[in-house]
Amino acid sequence: HRGKVFAAVHAHVDDVARYAGGLCVKLIREGYTGYLIRTSNDEKSGGQSNAQNILGNEQEHLKVGAALGCKDVFELYYQNHEMDAISSLDIRSRLIFLFRYLKVDTVISFNPWGPVEGSPDHGVTARAVEEAARMCGMPNDFHEHMEAGIQPHPVRERYYFHVRPGQAFNRVIDIGSHIEKKIASLVECRSQGGGNFGSLL
């Protein structure tokens with residue numbers, strides 16, 4: 001995987017750590033460069049004011065990315081639990097820009113065809129990632145990117161989380177030798193459960 005790039009896209013600061021933290025660490029150790037993209041601002045999680053929650057989750061997101069070994073972390077800051085009210089074109093176009101700019105080969109995110117999640121943010125993120133991954137290699141979409149020197153770049157692989165019992169899956173990844181890094185990333189998710197997911201695991 002030397003030279004390849006993945007983008008792990010989640011709605012909340014703990015999603016990737018919970019559902020794909022071991023996978024991210026494994027891919028990075030095998031040569032990938034990893035990026036972490038969060039779509040919501042997590043303002044409803046943290047037990048403080050919305051403004052304090054946003055700041056706390058942003059700081060934790062940076063720590064989760066560092067624990068996983070990601071090169072950089074991006075924030076889209078859509079309103080937590082209200083992402084179903086945003087324009088699908090808006091989020092899709094921002095992800096297309098990032099996928100092209102970062103030259104993403106592989107995306108990791110929620111399954112867009114899985115059963116409806118309890119959080120609208122998960123479903124919106126899943127659909128936007130799938131649509132952006134399909135479109136970012138097409139030269140006639142967002143021609144202004146090309147004028148700015150950012151070329152189309154096709155996403156060739158997709159890994160989708162298995163989040164709930166009953167959801168279909170077709171691949172199991174052995175993360176046994178990477179479990180400590182997964183735990184370390186979960187420990188940083190203090191606003192999303194006190195940081196105890198790591199110790200529970």
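The structure is a predicted model, in which local features need pLDDT of at least 70 and side-chain atom pairs count only at pLDDT 80 or more, while totals for chains, interfaces and linings use all residues. Residues are numbered from 1 along each chain as its sequence is written, and side-chain values use heavy atoms, with hydrogens and water left out.

**Overall fold**

The protein chain holds 7 helices and 5 strands. Helices (H or I, at least four residues) and strands (E, at least two) are DSSP runs, numbered from the N terminus. Read from the N terminus, the order of elements is β-α-β-α-β-α-β-α-α-β-α-α. The radius of gyration of the chain is 16 Å, close to the 17 Å from the globule rule for 201 residues, so the chain is as compact as a globular protein of that length. Here the radius is taken over C-alpha atoms, and the globule rule is 2.2 Å times the number of residues to the power 0.38. Along the principal axes, the C-alpha atoms fill a box of roughly 45 × 40 × 30 Å.

A contact means heavy atoms within 4.5 Å. Among contacts in the chain with a separation of 6 or more, 77% are between residues 24 or more positions apart.

**Surface and burial**

Buried means under 20% relative accessible area, exposed over 50%, and partly exposed in between (1.4 Å probe, protein chains only). Of the 201 residues, 51% count as buried. The accessible surface of the chain is about 9600 Å², and 51% of that area belongs to carbon and sulfur atoms. These areas come from the Shrake-Rupley method with a 1.4 Å probe; for residues, only the protein chains shown count as cover.

**Charges and salt bridges**

The chain has 22 positive and 24 negative side chains, and the centres of the two sets lie 6 Å apart. Lys and Arg count as positive and Asp and Glu as negative, without His and the chain ends. Each charge is placed at NZ of Lys, CZ of Arg, CG of Asp or CD of Glu.

Side chains of opposite charge can pair when their charged atoms come close. A salt bridge is a side-chain nitrogen of Lys or Arg within 4 Å of a carboxyl oxygen of Asp or Glu. By this rule the chain has 11 salt bridges, including those in the table.

| Salt bridge | Closest N to O distance |
|---|---|
| Arg38 and Glu75 | 2.7 Å |
| Lys44 and Glu82 | 3.6 Å |

In the pair of Arg38 and Glu75, Arg38 lies in strand 2 (residues 33-40) and Glu75 in strand 3 (residues 72-78), so the pair ties together parts 37 residues apart in sequence. Both residues, Arg38 and Glu75, are buried. A network of salt bridges links Arg38, Asp42 and Glu75.

The salt bridge of Lys44 with Glu82 joins two loops: Lys44 is in the loop between strand 2 and helix 2 (50-68), and Glu82 in the loop between strand 3 and helix 3 (88-102), so parts 38 residues apart in sequence are tied together. Lys44 is partly exposed, at 36% relative accessible area, and Glu82 is partly exposed, also at 36%.

**Backbone angles**

Tyr77 has a phi near 65°, a positive value in a residue other than glycine. Tyr77 lies in strand 3 and is partly exposed, with a relative accessible area of 39%. Lys103 also has a positive phi, near 55°, and is found in the loop between helix 3 and strand 4 (106-109).
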